[in-house]
Amino acid sequence: AALGDQAAAAKALESAVAASPERLESYVLLAELLMKQQNPAGAEQWLERMVAANANEYRAYVVRGRWYLGRKLFPGSATPTASPASAAAETSEGKAWADASRAVELAPKEPEALLFAAEAAAASRRPEEAKAVALR
């Protein structure tokens with residue numbers, strides 16, 4: 001696609017987000033477009049906005065967490081950390097686990113949230129957490 005087409009698509013998606021901030025798909029499409037434009041930081045910012053605009057909606061955390069698992073952390077987006085624990089939280093798996101935990105907190109009986117939590121726990125090598133989720 002031509003650069004002008006991508007710019008027009010980005011503007012259209014930004015308008016869609018502004019008009020219907022609860023439509024998570026618009027944020028994801030915009031983030032994917034930004035990734036195609038080699039702008040991972042911009043993509044991550046839109047996903048942050050998605051969660052901020054839908055902070056009490058478990059699906060926002062599932063969508064962003066799945067994005068993190070699929071992307072294995074955006075190149076160049078990690079910030080240096082002081083401790084191994086905080087470094088682990090900065091990995092894509094750590095971020096996905098944080099999102100999964102919040103999704104389950106918001107919707108403890110929702111199968112989609114529970115399934116994603118098990119997926120994120122396994123991806124981040126948290127066998128005890130994966131087992132606990134599976135036993136819910």
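Predicted model: local features only at pLDDT ≥ 70, side-chain atom pairs only at ≥ 80, totals over all residues.
**Ground rules.** I number residues from 1 along each chain as its sequence is written. Local features need pLDDT of at least 70, side-chain atom pairs count only at pLDDT 80 or more, totals for chains, interfaces and linings use all residues, and side-chain values use heavy atoms, with hydrogens and water left out.

**Overall fold.** I looked up the secondary structure. The protein chain has eight helices and zero strands. Helices (H or I, at least four residues) and strands (E, at least two) are DSSP runs, numbered from the N terminus. Along the sequence I read α-α-α-α-α-α-α-α. I then checked burial: 40% of the 136 residues in the protein chain are buried. Buried means under 20% relative accessible area, with a 1.4 Å probe and protein chains only; exposed means over 50%, and partly exposed lies in between.

I also looked at contacts (heavy atoms within 4.5 Å). Of those between residues at least 6 apart in sequence, 54% join residues at least 24 apart.

**Helix 4 and helix 6.** I took helix 4 (residues 58-71) and helix 6 (residues 92-106). Their axes come within 8 Å and cross at roughly 165 degrees. Axes are lines fitted to C-alpha atoms, for helices over the stretch in contact; angles run from 0 to 180 degrees between N-to-C directions. The two helices are therefore roughly antiparallel. The cut-offs: under 35 degrees is roughly parallel, over 145 roughly antiparallel, 65 to 115 roughly perpendicular, the rest oblique. I note a left-handed crossing. That term means the near helix is turned anticlockwise from the far one by less than a right angle; clockwise is right-handed. On the helix 4 side, the contact residues include Y61, G65 and Y68. Helix 6 brings A96, D99 and A103, among others.

**Helix 2 and helix 4.** Here the axes come within 10 Å and cross at roughly 20 degrees. That makes helix 2 roughly parallel to helix 4. The crossing is right-handed. Helix 2 contributes L24, E25, V28, A31, E32 and M35; helix 4 contributes R59, A60, V63, W67 and R71.

**Aromatic pair.** I found one aromatic pair. The ring centres of Y27 and W46 lie 6.5 Å apart with planes at 50 degrees, so the pair is tilted. Rings of Phe, Tyr and Trp (its six-membered ring) pair if their centres lie within 6.5 Å; planes under 30 degrees apart are stacked, over 60 edge-to-face, the rest tilted. Y27 sits in helix 2 (residues 24-36) and W46 in helix 3 (residues 40-53), 19 residues apart. Both Y27 and W46 are buried.

**Charge over a ring.** R49 lies over the face of W46, 4.2 Å from the ring centre. The test: NZ of Lys or CZ of Arg within 6 Å of the ring centre and within 35 degrees of the ring normal.
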